[in-house]
Amino acid sequence: MSLKRKEMEECEEKGEAKKKLAGNLTNKLVEEKKEEEGNVDVVGLLLKLKTCEKENKSLKLEIEAGKTNMKELIEKNSQISGQLEEQLEKNGNLTIVTEENIKRHEALIKTLKAQHENILKESEHEVKALKRQAGNSTSIMKKEKKEHEVKVPLLEKETSIYEEEIRSLKLQIEEGKADVKEVTARHKQIFDKLKEKLECPVCMEIPRGGPVYVCPNGHFVCKECKSWSCPTCRVDMEDGKSLLAVKLIENIDHRCKFVYCEEFFSIDKVDGHEKTCKH
């Protein structure tokens, strides 16, 4: 608005200045005409008057153009003033809205500050409680550490004693295993010899049931192969029977009767195996 007003004032000042110049020129011409009436040519004065009139016409045209420009400027200024008034109204409404928003934000900030203070207070209480728990736990840990320091050497002594006992037990177990191996080997030899003694000299098989006959000299013969004389020493066979041989037959493993089968079973399972044997 200030710029437009300045432009309008400048245009008015230019028009007034041009009017003043035209008036001064006409006054000068009149004075010169009065002073030089006798000496000046009338034709020259007329020419000067014509030029002055032309200059006056041009000045009038410029003044009219300045007026039209002034009118246009006034219209533009009115439009701009209207727009400015509308913007001022909008800005007024915006200021109202912004004031409400500022109030809301202030209320929110207050609530957030209160919540933050409450959270800080709660966190401080929790920190204090945790510090107390940490102090208690550290005291308990110190006590337990002292107890462990006392118990560790005792446990080390006990572990060393147990290790020595374990070593001695391992040695005893190894010695016992060696003794067991020796005993089993002896028992195997004894059973092998007994099996050889139990083997019938006629059919060359170990009987699977009693009675087992024996001659006066102690030679065994199965019931299927018994005759009037002993097949080993040729003495007369009598009705002597060996209970020991029957007990041994009941407690040893018997081989399958098929030639290509080399499996052994107890007396109560060997018959069932032979029924289903693939050989």
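Q: How many helices and strands does the protein have?
A: The secondary structure comes to four helices and four strands. This is a predicted model.

Q: In what order do the elements run from the N terminus?
A: They run α-α-β-β-α-β-β-α.

Q: What percentage of the residues is buried?
A: Buried residues make up 14% of the 279 residues.

Q: And contacts, what share join residues at least 24 apart?
A: That share is 42%, taken among contacts between residues at least 6 apart in sequence.

Q: Pockets next. What volume does the largest pocket have?
A: Its volume is about 600 Å³.

Q: Which residues lie nearest its centre?
A: Met204, Glu205, Ile206, Arg208 and Arg255 do, out of the 22 residues that line the largest pocket.

Q: Which elements each supply at least two residues of that lining?
A: Helix H2, spanning 42–198, and strand E3, spanning 254–255, each do.

Q: How does the lining split by class?
A: The lining has ten nonpolar, ten charged and two polar residues.

Q: Back to glutamate 205. Where is its place?
A: Glutamate 205 is in the loop between H2 and strand E1, the strand at 213–214.

Q: Buried or exposed? Why does glutamate 205 count that way?
A: Glutamate 205 counts as exposed because its relative accessibility is 52%, and the cut-off for exposed is over 50%.

Q: What does glutamate 205 touch?
A: Leaving out residues up to four places away in sequence, glutamate 205 touches Leu198, Glu199 and Cys200.

Q: What separates the C-alpha atoms of glutamate 205 and lysine 195?
A: They are separated by 9.5 Å, and the two residues are ten apart along the chain.

Q: Switching to serine 229. Where is that one?
A: Serine 229 is in the loop between strand E2, at 220–221, and helix H3, at 243–251.

Q: Is that serine 229 buried or exposed, and why?
A: Serine 229 is buried, because its relative accessible area is 8% and buried means under 20%.

Q: Which residues does serine 229 touch?
A: Arg234, Val235, Asp236 and Met237, again not counting residues up to four places away in sequence.

Q: Rings, then. How many aromatic pairs?
A: The count comes to zero aromatic pairs.

Q: What lies over the face of tyrosine 213?
A: Lysine 226 does, at 5.1 Å from the ring centre.

Note on methods:
Residues numbered from 1 in each chain as written. Predicted model: local features only at pLDDT ≥ 70, side-chain atom pairs only at ≥ 80, totals over all residues. Heavy atoms only, no water. Buried < 20%, exposed > 50% of the residue type's maximum accessible area, 1.4 Å probe, protein only. Contact = heavy atoms within 4.5 Å. 1 Å grid on protein atoms, 1.4 Å probe; cavity = no way out; pocket = protein on both sides within 12 Å on 5 of 7 lines; lining within 4 Å. Points joined across faces, edges and corners; volume = space filled by probe spheres on them. Nonpolar A, V, L, I, M, F, W, Y, C, P; charged D, E, K, R; others polar. Phe/Tyr/Trp six-rings, centres within 6.5 Å; stacked < 30°, edge-to-face > 60°. Lys NZ or Arg CZ within 6 Å of the ring centre and 35° of its normal.
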